[in-house]
Amino acid sequence: MASSSLFCSHPLPCPSPARYFSSAKKNLISSIRCSSASNQRQELFNRIAPVYDNLNDLLSLGQHRVWKRMAISWSGARKGDCVLDICCGSGDLTFLLSDKIGSQGKVTGLDFSSEQLSVAAHRQGLLGKPCYQNIVWVEDDALFLSFPDNYFDAITVGFGLRNIVDRRKAMSEMLRVLKPGSKASILDFNKSTQPLTTSVQEWMIENVVVPAASSYGLAKEYKYLKSSIRDFLTGKELEELSLEVGFSCAKHYEIGGGLMGNLVATR
């Protein structure tokens with residue numbers, strides 16, 4: 001039985017359009033705003049939603065779970081906090097945040113993909129842990145977050161910033177909704193400055209990721225990875241962007257042999 005919190009009976013302050021989800025797929029508020037570019041990415045993530053978790057496990061040999069736990073640790077989230085997981089996908093980081101902050105806290109899992117959120121809400125019902133009743137799923141635009149200033153104690157983003165069309169605006173929005181002294185922990189592929197690491201990363205995408213995705217009929221959807229990493233920012237550039245938008249300090253950590261990275265930005 002789903003709890004009332006899953007149905008957002010007491011929705012968060014919502015100055016801009018958002019759409020709330022529950023395990024019963026009850027929509028409470030109107031649709032999100034998206035540019036044409038983000039609409040294309042939204043459609044892509046809707047298509048891959050049914051096999052997203054299986055592919056993550058297969059392609060990382062389960063290591064993505066280790067990286068995600070590191071991201072949670074770097075977020076500084078504590079018991080009873082109010083936290084936000086942007087680009088939550090099927091909810092891996094959201095569930096880890098819920099475990100971290102406990103039943104007295106509040107977690108918002110936010111994504112622009114309705115299919116990913118449906119998978120996340122379904123997983124929430126299947127897992128059934130009592131603390132997961134503190135999770136609310138919201139379909140919203142990371143460039144126009146539907147929350148007041150100084151609202152969250154911590155923010156996480158897992159493999160999402162790279163896919164946002166305006167990263168500066170997204171970082172500014174995170175800064176706005178974070179409480180002073182709180183952190184954003186942003187996990188993603190690392191755009192390495194080392195030619196060898198870049199070569200290994202691109203070889204893996206071409207020879208492991210895309211062929212594996214092909215077995216699910218999603219080769220085209222996963223070919224975008226290589227170009228998306230090339231178009232992303234290096235760790236140093238992410239640190240500089242964070243400071244430019246107003247974060248007080250920022251540190252990028254290379255993990256997974258330099259193939260992945262985690263930015264920690266403190267308001």
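A nonpolar core is taken here as a set of buried Ala, Val, Leu, Ile, Met, Phe, Trp, Tyr and Cys residues joined through side-chain atoms within 4.5 Å, where buried means under 20% relative accessible area and exposed over 50%, with partly exposed in between (1.4 Å probe, protein chains only). The model is predicted: local features need pLDDT of at least 70 and side-chain atom pairs count only at pLDDT 80 or more, whereas totals for chains, interfaces and linings use all residues. Residues are numbered from 1 along each chain as its sequence is written, and side-chain values use heavy atoms, with hydrogens and water left out.

The protein chain averages a pLDDT (the predictor's confidence in each residue, from 0 to 100) of 84, and 79% of the residues score at least 70.

The largest nonpolar core holds 36 residues, and Val 83, Trp 137 and Tyr 222 have the most contacts inside it. Among the elements that each supply at least two residues of this core are helix H3 (63–75), strand S6 (178–189) and helix H7 (195–214); helices (H or I, at least four residues) and strands (E, at least two) are DSSP runs, numbered from the N terminus. Another core, of 29 residues, lies apart from the largest one and includes Cys 82, Leu 110, Met 171 and Val 245.

Val 245 also belongs to helix H10 (residues 235–245), whose buried residues are Gly 235, Leu 238, Glu 239, Leu 241, Ser 242 and Val 245. These lie on the same side of H10 because they cover an arc of only 160 degrees around the axis, taken from the directions from the helix axis to the C-beta atoms. Lys 236 and Glu 244, on the other side of H10, are exposed. After H10 comes Gly 246, with a positive phi near 125 degrees.
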